[in-house]
Amino acid sequence: NPAVTIDEFRNAFYSERENYFGRYETSRMPGLEFWGMVASKLRIPANRIYSLRATFERLYARMDEGVLRLIEGLTGRYRLYTLSNSCPELDRATLLQDHSYRHFDRMYFSHRIAMRKPFPEAYRHVLADTGSQPEQCLCVDDVQANVSAALQVGMRAILYVSPHQLQRDLEEQLVA
């Protein structure tokens, strides 16, 4: 529906977040049920669910070029992991369309591990699976609650605000 704005789409997608996307991103709600709710909120016929999924993939699939350059500079020097609150559509988009994720040693998507940020068990899962100690890890996230959760489990953490600031924060944290 060309009349639907990006904000309307996002509002529908995140409507009643804990009851819908919160359950979908941890594999506790089937995709057809979730996307049916989004279609209903947008007054789009249910037979257009697959178009909604494709639109979502296009909106969220690309990584910022400045961040990508920073990641490329860390590749091979550090083990890199992604813990992402995600869903099958983002998973598919990042793995098929966005080759920047090839720099990561392992990716942890919330819908695969049935846990999400900012819940501490998601961070502990990554630590246990990678055999890492919290104090050895540096978490970067653009959501303060996720940064706070990483600190709570004993990791160091940086709140992402821009590629330039991240570069400065990484330089400071990685020499410490």
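R116 has a relative accessibility of 7% and therefore counts as buried, the limit being under 20%. In this predicted model, R116 forms a salt bridge with E25, with 3.2 Å between the closest N and O atoms. The pair joins distant parts of the chain, 91 residues apart: R116 lies in the loop between α7 (110-113) and α8, and E25 in the loop between α2 (21-24) and α3 (31-41). E25 is also buried, its relative accessible area being 0%.

The structure holds six salt bridges. One of them is formed by the side chains of R53 and E89, at 2.7 Å from N to O. Because R53 belongs to helix α4 and E89 to helix α6, this pair ties together parts that are 36 residues apart in sequence. Both R53 and E89 are buried. A further salt bridge joins R106 to D129, with an N to O distance of 2.4 Å. Here strand β2 (residues 106-109) supplies R106 and helix α8 supplies D129, the two being 23 residues apart. R106 is partly exposed at 42% relative accessibility, and D129 is partly exposed at 38%. Through shared partners, salt bridges connect E18, E25 and R116 in one network.

The largest pocket has a volume of about 1800 Å³. It is lined by 50 residues, of which T82, L83, K117, V140 and D141 are the closest to its centre. Elements that each supply at least two lining residues include α4 (49-60), α6 (88-96), α8 (120-130) and the strands β1 (81-84) and β3 (138-141). By residue class, the lining consists of 32 nonpolar, nine polar and nine charged residues.

Conventions
Residues are numbered from 1 along each chain as its sequence is written. This is a predicted model: local features need pLDDT of at least 70, side-chain atom pairs count only at pLDDT 80 or more; totals for chains, interfaces and linings use all residues. Side-chain values use heavy atoms; hydrogens and water are left out. On a 1 Å grid over the protein atoms alone, a cavity is a set of points where a 1.4 Å probe fits but cannot get out, and a pocket is an open set with protein on both sides within 12 Å along at least five of seven lines; lining residues have an atom within 4 Å of a point. Grid points are joined across faces, edges and corners, and a volume is the space filled by probe spheres set on the points. Helices (H or I, at least four residues) and strands (E, at least two) are DSSP runs, numbered from the N terminus. Ala, Val, Leu, Ile, Met, Phe, Trp, Tyr, Cys and Pro count as nonpolar, Asp, Glu, Lys and Arg as charged, and the others, Gly among them, as polar. A salt bridge is a side-chain nitrogen of Lys or Arg within 4 Å of a carboxyl oxygen of Asp or Glu. Buried means under 20% relative accessible area, exposed over 50%, partly exposed in between (1.4 Å probe, protein chains only).
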